[in-house]
Every structure is written in structure tokens, then in C-alpha cells.
Amino acid sequence: MKKKTVAAMLTMCMVLGMTACAGGGKEEKTAEKTENAAETKEKEEKVDKAKEEDTKDKAKESVRLVSAEDISKYVTVGDYKGLKLDKVVSPVSDSETDVEIEFRLQENPEEVQGASVETGDQVRINFTGTIDGKSFEGGSEQDFDLLVGQSGITEEFDQGVLGMKKGETKEISVNFPEEYYDSEVAGKSAVYEVTVQKISRTPELTDEWVAANTESKTVAEYREAVKKELQADAEEMAGYALQTQAWNQVLETSEIKEYPEEDIKAAVEAYKALNQEYVDEAQMDMSEFLKSQGITEEEYEEECRQYAEAKVEQNLIVQYIMDQEDLSFEDETAEEVQKELIQQYGAADIQELVEYYGQTAVNESLALLRVEKFIVDNAEINEKTGGSAEPAENEDALEEDGMYDTAEDTANPQTESEGAETEADVVEG
């Protein structure tokens, strides 16, 4: 439709151009045609975008986490307004600040010239390994970066690299222990020919380094800036923990009556499909996988059911609160939650998360976070100062390959469980 319209408008422009601009040159006619076509295309793109947004809005309005309309038939939801919650913010100590600064220094090693390799140096090497004069799988690498003392090869290898200089080549003999993780070389002796390409070392913390590598000018200023960053992180973690605490209170005081079997079946199928992906990647069939995990098919079926029940219970509670409080996916708070989720996962936009995890997983994550935020906003918060900072429960649950999960030790957005968890365990989609 769009292409036909553009073609028709181009034809019209050509006719008008010949009639009204007969005295004009070829360049003027071409410019006029191009300008009119561009305007038409821009208008059509705006219309298309408006239609697309309208479709998205309608889709949002129709989103439901459960099949049931009368949720009270399935669950009695505990009090979720006026809860008394403790927000515990852990203060950042000077020693924690020092540890963070040391970590940042190690993350920015500087190449050193004319130096010999020392323990703790980051060294780039080429190496070729042989056993009984023959090369072996994984025994040779080019431009391999290793932290001396923690190479993961053998202690003899690390010791052999010590004292070498850039450009130097040396043979290093190693004896792999019987319990070595690679069974192909365990208990065998190997010879590595190693050439050092580059030696980098953790820089010293000086005013010069700070000025050249940070926005601060002095060590004292930088130390204070890092401490403020860590304190902001502690505040954020306390916020995650607060939401977890809020959700757990509601979960513990809610009571499931029965489960909508349609939702249970869908959750079981989704869980099995996810597990099947892992099994396929391992190039095994499910029976082999279960045997390797030491569980029977009956136990696996029970695990699937438990996962589904935890997930569905959470969705029932979340949907109930959203219905009661008229919470939606498109209000201002929901937009804030969406931005938080995008930021936490380092995604470009929400669509990227949908493509990776699936629409259902993203909807469940957004809904749970939206409800948790509502519970916290309507609670009595007691601010406290805690001990040394520890990761909030929710932050631990944010893994690389998932959304917030809905069930205990599983993979799918939202809650853990003793019924189901919070904005936690990550959905692997």
C-alpha cells in the first residue's frame, strides 16, 4: 500500500512539474520531485509509526499474566499496603574503598619496557606444548593473556615464566597432576615453548595516574569519589533488598487455594522447553541428562510441577494486585521500571530483551517489579544503617543470561520461592 501510494505521488509530481514549471531547468524539476516525494514518505512514515504505537498500546492493555479472570477463586492475597519494612543501607568502609581502587588499578595494567616478569604481572605470550614430542589439543595458543601466578595451567608453568623478558623464548617443562581437570593430559609430562610478547603491570596509585585516568585530580579526591560511588551502589542494593522484603511479606501471608491447570500446564511446558535447550546443547537426550544429574523421570516431573506452581502462584498474586490497584504497563511508574530493567541488563531497548528472553518473561518481570514498587511506595519504611555491604538478594539473582525469575531455582522471570520469590531468580529465555 505504501509503495503504491509513493509511486502515485511521484507520477503526480512529474505531471505538475511539466505543467507549472515548463520554463524551469532540469535541476529545478528534479529537486521539486525529490522534495515532494520526501515529504510524502515522511508523512506516511509518521502514520505507520502512529499505527505501530497504537498496536503496542493495545497489546499492553490486554496483557495478563494468568488465564483466570476471578483470581480470588485461586488465591487469598495477604495485606500489601501499609507494611512495615526495614531499609538497611550498609556504610562503605575505607578498606572496602581501597579494595575497589586496587581492583580498578588491576583492570588497567600498563605495559612495562625492559622489565622481567614478576608474580602478578599480566603477560601476553605465544606457546606451543608437546607431550612425547607431539602437539596436543589445547596445548598451543597465540596472544594468550595470563596473570602470572594464576594462569590455571600449572604452578610449574607460572614459575617458568618468571624472570622472562619481552621477546624472550624459553622451554618450560611441566608435570600435570593425576587429578588435573583435563583428563587427556592428566598425569602426563609436557614441554612448552613460550615466547613473551608483552608485559603489563598494575600501576601505582599516584596523583599522576589519577589525573591521567580518572575525572579526579588527586589520590585523595579520587578515593572520595570512589567511596561515593560505592555508597550509591549500597543504596541501590538496599533498594533491591527492600523490594525483596516487601514481596516476601506479601507472599508469606498469601494462601493458594488451587491452581488454574491451564497456567500450570503452560509453565511446565515452558520449563521443559528451556531444559531441553540445555540438553540439546550438551548433545544428550533427556534420559541421559537426568541420569547424569542423578534424578529419575518421576523426580524430574515433580520438579517441573513445583516450578510451575511457584511461578503461577506468583503470577496470580501479582495480577490480583495489578487488578485491584489498576496498575498498568504504560503509566509513568511502569516506564521507570522498564528503564530500570533495560539498564540492569545493559540492553539497547525493551525489544532487545523481548527478542532474547521472550515476551512472556519480560511481561512477568515488569509486572513483578511494578507491584513490588507499589508495595514499597505504600509501606512504612524504617531506615537503618547496617554492617558491611553484602549483595542484595535481588542483585545476586541478576545473571547474564536471564530475567527476573518466577520460581525457585529455575529459569524464567521473577520470583524464587518457598512459594515463589521476588524480583529475583533470573529468567533464562
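Select glutamate 229: at 39% relative accessibility, this residue is partly exposed (buried means under 20% relative accessible area, exposed over 50%, partly exposed in between, with a 1.4 Å probe and protein chains only). This is a predicted model, where local features need pLDDT of at least 70, side-chain atom pairs count only at pLDDT 80 or more, and totals for chains, interfaces and linings use all residues. Residues are numbered from 1 along each chain as its sequence is written, and side-chain values use heavy atoms, leaving out hydrogens and water.

The whole structure has 20 salt bridges.

Next, pick lysine 166 and glutamate 111. Their closest N and O atoms are 3.2 Å apart in a salt bridge. Lysine 166 is partly exposed at 45%, and glutamate 111 is partly exposed at 36%.

Then show Arg64, Glu69 and Asp323. A network of salt bridges links them.

Move on to the rings. Select phenylalanine 127 and tyrosine 192. They form an edge-to-face aromatic pair, 5.6 Å centre to centre, with 75° between the planes (rings of Phe, Tyr and Trp, its six-membered ring, pair if their centres lie within 6.5 Å; planes under 30 degrees apart count as stacked, over 60 as edge-to-face and the rest as tilted). Phenylalanine 127 is buried at 4%, and tyrosine 192 is buried at 4%.

With Phe127 and Tyr192, they form one aromatic cluster.

Methods: A salt bridge is a side-chain nitrogen of Lys or Arg within 4 Å of a carboxyl oxygen of Asp or Glu.
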